[in-house]
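Let us take a friendly walk through a protein model, one feature at a time. Keep the 3D view open as you read.

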Amino acid sequence: METTFKVYRFDPENGSKPDFATYQVDLPDSATVMDGLRQIRDEQDPSLAFRASCERGSCGDCALRINKKGRLGCTLKIAKTVKNGVVTVEPIRNIPVLKDLVYDLESFLWKKIKSVQPWITPRGPEPDGEYVVAEEQLAEVRKAMSCIMCGLCDEGCAVIKIDKDFVGPAALTKAYRAVFDPRDGQHDERLTLVSEPGGVWDCTHCFEANGHCPLGLEPTDRLFEVRDEAIRQGIRSGTQNPKVQRHYDSFLNSVKRSGWLDEGRLAIESEGLTNVAGLAKLLPTVIRAIPKGKAPMPYFHPKRPGAQAIRRIIDKAQRSEV
Amino acid sequence: MPKYDVLIVGGGVAGLQAALAAKYAGVQVALLSKTHPLRSHSATSSDGLNAAFGSDDSWQQHAQDTIWAGAGLCDHAAVEEMCRAASDDIIRLDHVGVPFNRNAEGKLDRWTLGGNTLPRTAFSADMTGHAVLNTLHEQCMREDIPSHEEWLATSLAVEDGCCRGVLALEFGTGNLEAFSASAVVLATGGTGRVYAPSTASQSCCGDGMSLAYRAGLSLRDMEMVQYHPLGFCERAAFASEGALGEGAVLCNTDGQPVLQANDQPLRDALCRSLASAGDGVALDFRSLGKERIGTRFLYLGRAATEMAGISLDTAPLPVMPRMHRVLGGIRTDTSGATALSGLFAAGECASPGVHGANALTGNALTASVVFGRRAGSAAAAHASNTAPQALTDSALQDAQRTLEAVFSRPTTSGDTVVTIQRALASTMAEHVGLVRDEAGLREAVRCVADLQARYAQVGLRHHGKMYNHELLSFYELGALLDVAGAIVAAAQERKESRGVHYRSDFPATNDAEGSYHSLVTCGPDGPVLTTSPVNTGQSA
Ligand SMILES: Cc1cc2nc3c(=O)[nH]c(=O)nc-3n(C[C@H](O)[C@H](O)[C@H](O)COP(=O)(O)OP(=O)(O)OC[C@H]3O[C@@H](n4cnc5c(N)ncnc54)[C@H](O)[C@@H]3O)c2cc1C
Ligand code: SF4
Ligand code: FES
């Protein structure tokens, strides 16, 4: 099969600007995109740089943007992705490029993985033999641990795009592995850590990570489960993140009172009633919203029909949590 | 110049075990690896780790099975060391978080894999190597062990008869650097890419074996090349042998089972029978059902769909034997020490003597775990007892001159690193494969020598410094040629069949003449072969 490869090229050594180069490859129908890149490097242009190690979808080294989608180059067949005879290959997004298709994972991924302290610390004295644990308890941990650290969920993440400090779905999937491992003794400490700014509360629920994971590990859902576990343990925000706690309380109190969300109240209470500087920051937004009729009046919030029933549901749920 | 007490070269399972052991011993230790540790070949290892657990098994039984599989070439003291230590090491892995599968009582579940007489392979679905590697990496992060990633060790720094560090090339910058260390542990993994096709990752180029070989050390039992029976037809991927333990059935084109029920033959026997069955052997998972396939074969289910276009619950997966690994390596004692003071080795690059002429399925990862730990401890002890010696500048200057000379070679010969590497891998597959004979081996000797000569002339087409893959491949090819020379020399000398080494011209085992370890050292005119007796005594 003859295919045109359009490959992102960038070489800081020769001072040129990033650009695409075009190559023709001829490979069997079963060939992967990695086979194409290798043929280019081996036979046409030895200066092309890309990473690959296992060549079987096991190690995550070859994550690339192929025809505008984050994919593993070593398992994706050319025939499956080719469009009008062309395969376009770029580095993944939101990440500094070092050369051609080689990018810098250090700050994008590895540091973030380490920041969630995803190592198991035994709780109490260790047993003589293995821990006796039900298979069901470990099955999901094992699945989360099958993550190959390809970073494709982070490349798809809507938050990382604008906030490089968000720890991201890959690191939080790693956190999940430790949080739900029954052998770990640092449960609450880790939950507090991932509830700090940049952690679980910075997710905007776009679900992009789920769609980007080539292993179907549902990193968005795992992030939510970590957050739910933090809430269950009464860790509603980290020590550096009181705004989250206030936001959470205000949201709840508002729905409890009127049956729906009082957005004006939420904005004020999230900043904190005594936080003059924080409240002052809201003013420009309020001023812009008033002429458009979009500034909600805090606290004078009509109750919705059935508000009593909603309140009873919340009370019941809170009693059952206790 | 970076300085450490102990430098571990290689970030696979063996290297990470060594790094942790050295750290626990209280010395300053660092890792240096040419891939990120999580991209190491260990990540692909699937089946599991062997150890005797429970009252029905014993380390002695594990040792007996290992020695039986090794066909007369296991060093008994090394086997004893591994089999005694394996259960504690695996329990330790469980305590730090490897999500081993559990049985109904919540204890370690076990598979019965090729050559084991009892179920003793602990596993984490079909991603055991990945789970162990990730868990050890977590612990290395916890211990804050410095890690130099994407650095290729290009030579050992040997001064006054001692290893004092390594010279290494950073891919990102193309710069050479000397790393000084009182002890070095080579954990550079295997050398599968000396064959094509093989199950090897890109990094498996025998680098550590070659570093040791060029420093004058012997490579032991290199003729013992193991094939894996369950390779995917087209790619490096393969199915875990756990599949057979779980009840998947190997069938021929007529759908008839190729193996007897409950038969768990050693890999060599299985490979030769599959090879003689010709094309059309397939692994049928359908009786397991979708759910079991989904939970037990996390990797294979996905890989079969993506790479072979086959859904395991609906159709059998075509398989064929693939070159898997060399069972021999750098000769070490049971602490990982080599004959060069200050140099240790563990994992797939090393030969402590446990595999002999054939390895039990599940013993390779076990050997990496046990001997990785032991090498790390021994290196730390060595470093603690050695006054630090600064490396002189000359080693770095020599390495720089060599690199400049390579860059200044002309590219007029028509050869490239790629053409030589391809010729080498196909020569090895054709003449030094599952079935060997004198004519083929002679041809292989000739080809390898010819390729060595071409390698000595080959120039590089790309002269950039950053991420110059051609330069990396140049170093790797040098290692592959060294290893190939050793494999071929040892295979030609062994005029019998034993374990994985099968010669059609000498199909029988000849205990009178064949009960020896081959040792290959680097001579001025190529590989030099000697032999050593097999140690069949127990450890002290
Ligand atoms: C596909 C597959 C499946 C397997 N399944 C099983 C199994 O189920 N059970 C079992 O017991 N065994 C199995 N094995 C064998 C076992 O996995 C390996 O023997 C073991 O993982 C090797 O570990 P290692 O640490 O020695 O090497 P590797 O994991 O290969 O690590 C080598 C490291 O060294 C680095 N390196 C290499 N050269 C250099 C250099 N020049 N400079 C710096 N760094 C360098 C690499 O980057 C890498 O980090 C399997 C092997 C394969 C190929
Ligand atoms: S969760 Fe999925 S997408 Fe994210 S790093 Fe892991 S394997 Fe890649
Ligand atoms: S090279 Fe390992 S996942 Fe592609």
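A residue is called buried when its relative accessible area is under 20%, exposed when that area is over 50%, and partly exposed in between. Keep in mind that what you see is a predicted model.

**A helix on the inside**

With those cut-offs, look at helix α14 of chain B: 23 of its 25 residues are buried, so α14(B) is largely enclosed by the rest of the structure. This helix covers residues 469-493, and at 1.5 Å a residue it should span 36 Å. The C-alpha atoms at its ends are 36 Å apart, which agrees with that expectation.

**Chain A as a whole**

Now turn to chain A, where you can find 14 helices and 7 strands. Its C-alpha atoms fill a box of roughly 70 × 70 × 35 Å along the principal axes. Of the 322 residues in chain A, 53% count as buried.

Is Ser258(A) buried or exposed? Its relative accessible area is 1%, so Ser258(A) is buried. A polar atom of the Ser258(A) side chain lies 2.9 Å from the backbone oxygen of Trp260(A).

**Rings that meet**

A pair of aromatic rings is described by the distance of the centres and the angle of the planes. Rings of Phe, Tyr and Trp count as a pair if their centres lie within 6.5 Å. By this rule there are 11 aromatic pairs over all chains. In one of them, Tyr176(A) and Phe180(A) have ring centres 4.6 Å apart and planes at 40°, so this pair is tilted. Tyr176(A) is buried at 4% relative accessible area, while Phe180(A) is partly exposed at 24%.

Phe207(A) and Phe224(A) form an edge-to-face pair, with 5.4 Å from centre to centre and 80° between the planes. Phe207(A) lies in the loop between α8 (187-194) and α9 (208-212) of chain A, and Phe224(A) lies in helix α10 (residues 219-232) of chain A, so the pair ties together parts that are 17 residues apart in sequence. Phe207(A) is partly exposed at 41% relative accessibility, whereas Phe224(A) is buried at 15%.

In chain B, ring pairs link Trp111(B), Phe123(B), Phe285(B) and Phe297(B) into a cluster.

The charged end of Arg222(A) sits over the ring of Tyr176(A), 4.8 Å from the ring centre. Likewise, the charged end of Lys6(A) sits over the ring of Phe20(A), at 5.7 Å from its centre.

**Around the ligands**

Which chains supply the residues around ligand 1? Chains A and B both do, so the site is shared between chains. Ligand 1 is surrounded by 37 residues, and the closest are His41(B), Ser42(B), Asp47(B), Phe238(B) and Leu365(B).

| Residue | Part with the N or O atom | Distance to an oxygen atom of ligand 1 |
|---|---|---|
| Val13(B) | backbone | 3.1 Å |
| Ser42(B) | side chain | 2.5 Å |
| Leu365(B) | backbone | 2.6 Å |

Ligand 2 has residues of chain A around it, among them Cys147(A), Cys150(A), Cys153(A) and Cys213(A). Sorted by class, the shell of ligand 2 holds 9 nonpolar residues, 1 polar residue and no charged ones.

Finish with Asp398(B), found in helix α11 (residues 394-407) of chain B. Asp398(B) is partly exposed, at 40% relative accessibility. Its side chain makes a polar contact of 2.7 Å with the side chain of Arg401(B). Asp398(B) and Leu167(B) are 231 residues apart in sequence, yet their C-alpha atoms are 9.9 Å apart in space.

Arg220(B), in strand β10 (residues 219-220) of chain B, has a relative accessibility of 3% and therefore counts as buried. The side chains of Arg220(B) and Asp75(B) are joined by a polar contact of 3.5 Å.

Note on methods. Residues numbered from 1 in each chain as written. Chains lettered and ligands numbered in written order. Heavy atoms only, no water. Phe/Tyr/Trp six-rings, centres within 6.5 Å; stacked < 30°, edge-to-face > 60°. Buried < 20%, exposed > 50% of the residue type's maximum accessible area, 1.4 Å probe, protein only. Helix = DSSP H or I, 4+ residues; strand = E, 2+ residues; numbered from the N terminus. Lys NZ or Arg CZ within 6 Å of the ring centre and 35° of its normal. Expected span 1.5 Å × (residues − 1). Near = heavy atom within 4 Å. Nonpolar A, V, L, I, M, F, W, Y, C, P; charged D, E, K, R; others polar. Polar contact = N/O pair within 3.5 Å; in protein donor to acceptor, adjacent residues only side chain to side chain.
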